[in-house]
Amino acid sequence: MKKNRQLAQDELLNLLKTLVETPGPSGSESTIRATVLANIKDFADEIQTDALGNLIARKGTRKEGGKRVMVSAHMDEIGLMITHVDDNGFARFLPIGGINALTCLGGRVLFMNGTRGVIGVERLEGTNIPTLDKLFIDTGATSREDSKVGVGDVCGFERPFLDLGQRLVAKSMDNRVSAAVAIAALHALPENPNEVYFVFSVQEEVGIRGAITAAYGVDPEIGMALDVTRTGDTPKSAKMEVSLGKGPAIKVRDSSFIADPRIVEWMIREAKAQNIPYQMEVLEAGGTDGRAMQLTRAGVPTGCLSLGCRYIHSPSEMIDRSDLVNAIALLVGLLSKPIILD
Amino acid sequence: MTLNLKQHLKDLISAPGVSAYEDPVREIIAKAWKPYADQFLTTNLGSLCAFQFGTGDAPRPLVMIDAHMDAIGMMVTGIEDGFLRFTQIGGVDPRILPGQMVTVHGTLAGRHDLPGMVVMPAPFLLPPEAGSGPLDMKYLLVDLGLRPEEVARLVRVGDVISFAQQPMELDGETLAGHTLDNRASVAALTVCLETLSRQQHLWDVVAVAAAQEEVGGIGAATDPVKLKPTFAIVIDVTFASGPGSNGWRCSELGKGLPLTWGINDHPALYRALVNTAEEYDIPISREPAPSGSGTDAFDLQVVEGGIPVVEINIPLRYMHTPVEIVALKDIRRAGRLMAAFISDLPLDFMTTIQWE
Amino acid sequence: MAKNKKDTQKYVPVMGEEELALLTKLSNALAVSGEEQEVRAIVKDEVTPFADSVETDTLGNLLVTRHGTAEKRLRVMIAAHMDEVGFMLVDDEGNGIFEFRVVGGVDERQLAGKSIMVGRDHVPGVIGAKAIHLTTPDERKQTLRADQLRVDLGPGGSGKAKVGDRGTFATHLQVIGPSLRGKALDDRLGVFNLIQLVKHAPANVDLLAAFTVQEEVGLRGARVAAYSFNPQIGIAMDSTPAHDLPHFDGESNERYNTRLDGGPAIYLMDGATIGDRRLVNWLVETAQAEGIPWQFRQPNLGGTDAGAIHKTRAGVPSVSVSVPQRYLHSAAGLVRIDDCVNTLRLMWHALARLDASILLRQEN
């Protein structure tokens, strides 16, 4: 097995900053894939990219008492794809993943080719929430001819990473913060009997697609998704028991799958053994790579380690620093020993 | 028949087993099937498979008979002042929930099954958007009758909630209760296994009490990869005509078994099953399912290279409420139809299962 | 003449096995407004050995008298209603399916998907609901009304019941931790407590115990019972809502009405009666003197038999005391055992220290 080391706090924050600021909506993951690769290549035993672009990094080989585990953190983010540029250079678009019009108004975007723009909206009748077809992107072009982007060009939202101290804010904390967790865990994982596949999956936001093929290829015995989840700790929010700063969340279910109860119990045991604060998560919405892993081949017992995140799918998603650190510790703890599910 | 069907069915519906949390009912089923099974297997996601080997020369083809064992239910999403907030597992119409008795399976201080009731807060405790009509599930609560400290000690977010309605024997040899969808079909599998154990059959048979059908056919999508059946028969419940339910999707209670005809069902298999029913005088009818049947058949059919499937339905009133009603006669018929069909299968049966 | 009277020195009520068995019988009995026979029979059995007279009047009220022995005794009428809300079968559609209508104030949202029982033989049945798969999202926003639902006794069940039969939820009383959960606790708790008062009545009052009918459909039994008894004081023992659940948005709950664990609820004013201040103060003073937890029921709508009693003949000073209960008029209500026992304690001690001069006070 390759070497292992802990990432220091400032290294971790720098890694997170780099990850969240890298563009990479579903289907356009090459840049983010390269960034991840650069950060893991000295610590993985074997790295492959599959047909859909999933980055699959193996650490360890399966020994007596060990299991083949797939840890999946999707590296794609939500974004927009241009469907039409009009005569005056304004671009219409289709959403890539779940986009809320309210979070677009006045937003700034960065295209994969480096072009930048802002999102405008047609006049609104009354106080109705506009539908996405009423929005457009203005890159400053004055005509279709001098527009530097055209049909098919892809952009993500653009906001710089913000360190508020205990809380960290950026676009694409969903799911680059989980990619950071996976990278840090891959770095820190000591010698152990398990064969762990850290998968940085693609196209989760458009239907959990990358994880389907990655899981078929890896053929794991246990699946563990890493993703963000909603919190219920802001004014008159939808009811949700997870809050920032109370520890990583152990997912019991979301609307795409029910976590295997044995996996849930295993995660609780490890958190208690390490004295890591944790929260139980029941999300009445949302989906993660867990679903794809569970349905692979003859079925895979699967769970998910979540980070609470405020304002998901807005350009200013917020997580808690201690939750991030605790999630890494919990994941490393889970993977570095024989796994016994009762 | 030595099996006491009524008692077996009551035992089945009295065991908790919400989707993904099927352990208690799996144990009951394994116990009931033990006398008729040569070998057991539990799949990765929890489906119980019982093999009854045939007498034909090896390698023998395998018929899979599938009935999902999981129940719809609810799950705790929050605890406020000793009251529980919850969400559904599987399809629950919130309109049947106020005043409904439930069991909360607490796990925080060991396993405790706690009696509770779903309750509606008074209107002034709700935001205006809750309205005066049926309350959305997010506004409902479960009251355990215990003081808040005790609830906090015993229950946590993620704990599962089952319906607690006791089985009731109604007139006309019918049984009412919760989770007859789909334990009635599991009971039909028991009847089939019991009947087959007294008969010769060339084919291998595997009875599958499938997991997690109510949340998306999860067992059905993965079990065949393990079992590799030659073809499959799926048993599920269907709508019985009754108050509020009439028309082409409904069949009469106690008057026979609808067989599904639609995109999920192989027409040659369907015809073979109809022939058997006619030969053994078991009343059947055709249930049209133009775009899919909403059962395990939907998922089984497209696993790997595809599996021929046919479906047998048991009429049931008030589906997905705690007062579902089935006729015991229909369960017996379903079990016997399967047993008759299977015991008559020649080893080269699949050569007749072709498309025109 | 009464055959035996318990020693009434000091009565300490408990909820033991015997008491629970009686309460269970009462709660599980079927007695919808208009046909209170089953409960009347149970009450009659219990009180006859202790009463000076037991009569059934023209509406079906059970009028029970137990005389005191003190010199200046007041005639105190206490009413507890025997009837419960439920439904009546109105049309036989064949094959065990019946159309029905509710009797008394049942929130229609409580009806769908429940187990029920009908008639003297408690024939089991269900009120079903259409499968969710056959409904549309728009449909699910509409309440399933009583005229759309049906009672289903199973195929062949038509022979077991007929139009005019009454029925209700098939809930059985259960002890759960500190609580009791069951149907018709409004007002079988009051009936139970009144039975105990008859058995242990203090000597300084003439106790006129009215086990009334048809309270749920307009306080009808109490009206004629009060006329017949012609009491000097009227007290209704009923049950009242506790809306002590959390507010959805965490705001403070200012309309809770009463709270569980708060003790017996003394009424100041409801929709039918302004309680006589002298009687209210008498009850509060008793509770304080005896260390019994108590609460005021928030002034609110609603009504008890006192509404009919206080307007009888030339008027009767009246007050109501209730056991706080969650989820009245549903398949099961929830009360604390302590609240039931404390309500009985309060009533007994209040009667025991009732001074005939109370009506001479001027406190209104």
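**View 1. Contact between chains A and B.** In this predicted model, 22 residues of chain B are in contact with 16 residues of chain A; two residues are in contact if their C-beta atoms, placed from the backbone, lie within 7 Å. On the side of chain B that touches chain A, at least two residues each come from β4, β5 (83-89) and α5 (218-227) of chain B. Helices (H or I, at least four residues) and strands (E, at least two) are DSSP runs, numbered from the N terminus. The largest share of that side, five residues, belongs to α5(B). By class, the side of chain B that touches chain A has nine nonpolar, nine polar and four charged residues. Ala, Val, Leu, Ile, Met, Phe, Trp, Tyr, Cys and Pro count as nonpolar, Asp, Glu, Lys and Arg as charged, and the others, Gly among them, as polar.

Residues are numbered from 1 along each chain as its sequence is written, while chains are lettered from A and ligands numbered from 1 in the order in which they are written. Because this is a predicted model, local features need pLDDT of at least 70 and side-chain atom pairs count only at pLDDT 80 or more, whereas totals for chains, interfaces and linings use all residues.

**View 2. Contact between chains B and C.** Chain B contributes 53 residues to this contact and chain C contributes 54 residues. Four strands of chain B, namely β7 (112-119), β8 (141-143), β10 (168-170) and β11 (174-177), each supply at least two residues of the side that touches chain C. With three residues, β7(B) gives the most to that side. The side of chain B that touches chain C divides into 28 nonpolar, 15 polar and 10 charged residues.

**View 3. Strand β9 of chain B and its two partners.** Strand β9 covers residues 160-163 of chain B. Val160(B) and Ser162(B) point one way from this strand, Ile161(B) and Phe163(B) point the other way, and all are buried. A residue is buried if 20 or more other C-beta atoms lie within 10 Å of its own, exposed if 12 or fewer, and partly exposed in between, with C-beta atoms placed from the backbone. In a regular strand the side chains alternate between the two faces of the sheet. Strand β4 (residues 73-80) of chain B pairs with β9(B) in the antiparallel sense over two bridges; two strands pair if DSSP finds at least two bridges between them. Met74(B) has Ile161(B) of β9(B) as its bridge partner. Strand β6 (residues 101-106) of chain B also pairs with β9(B), antiparallel and over four bridges. His105(B) has Val160(B) of β9(B) as its bridge partner.

**View 4. A three-stranded sheet of chain C.** The open sheet has the strand order β10-β11-β17 (chain C), with antiparallel pairing. β10 (174-176) and β17 (333-336) of chain C stand at the edges with a single partner strand each, so one side of each is left without a neighbour in the sheet. Neighbouring strands of this sheet are turned by 30 degrees against each other on average, direction ignored. Strand β11 (residues 179-182) of chain C runs antiparallel to β17(C), joined by four bridges. Leu180(C) is bridged to Val335(C) in β17(C). Helix α7 (residues 337-352) of chain C packs on the sheet and touches β11 and β17 of chain C. The direction of α7(C) makes about 65 degrees with that of β17(C); axes are lines fitted to C-alpha atoms, for helices over the stretch in contact, and angles run from 0 to 180 degrees between N-to-C directions.

**View 5. The two domains of chain A.** Chain A is divided into domain 1 (9-77 + 171-335) and domain 2 (79-157), with bounds that come from an automatic or database domain assignment. Taken over C-alpha atoms, the centres of domain 1 and domain 2 of chain A are separated by 30 Å. Their contact takes 13 residues from domain 1 of chain A and 12 residues from domain 2 of chain A. The side of domain 1 of chain A that touches domain 2 of chain A has four nonpolar, six polar and three charged residues.

**View 6. Chain C as a whole.** Chain C has seven helices and 17 strands. The radius of gyration of chain C is 21 Å, close to the 21 Å that the globule rule gives for 364 residues, so chain C is as compact as a globular protein of that length. This radius is taken over C-alpha atoms, and the globule rule is 2.2 Å times the number of residues to the power 0.38. Of the 364 residues of chain C, 55% count as buried.
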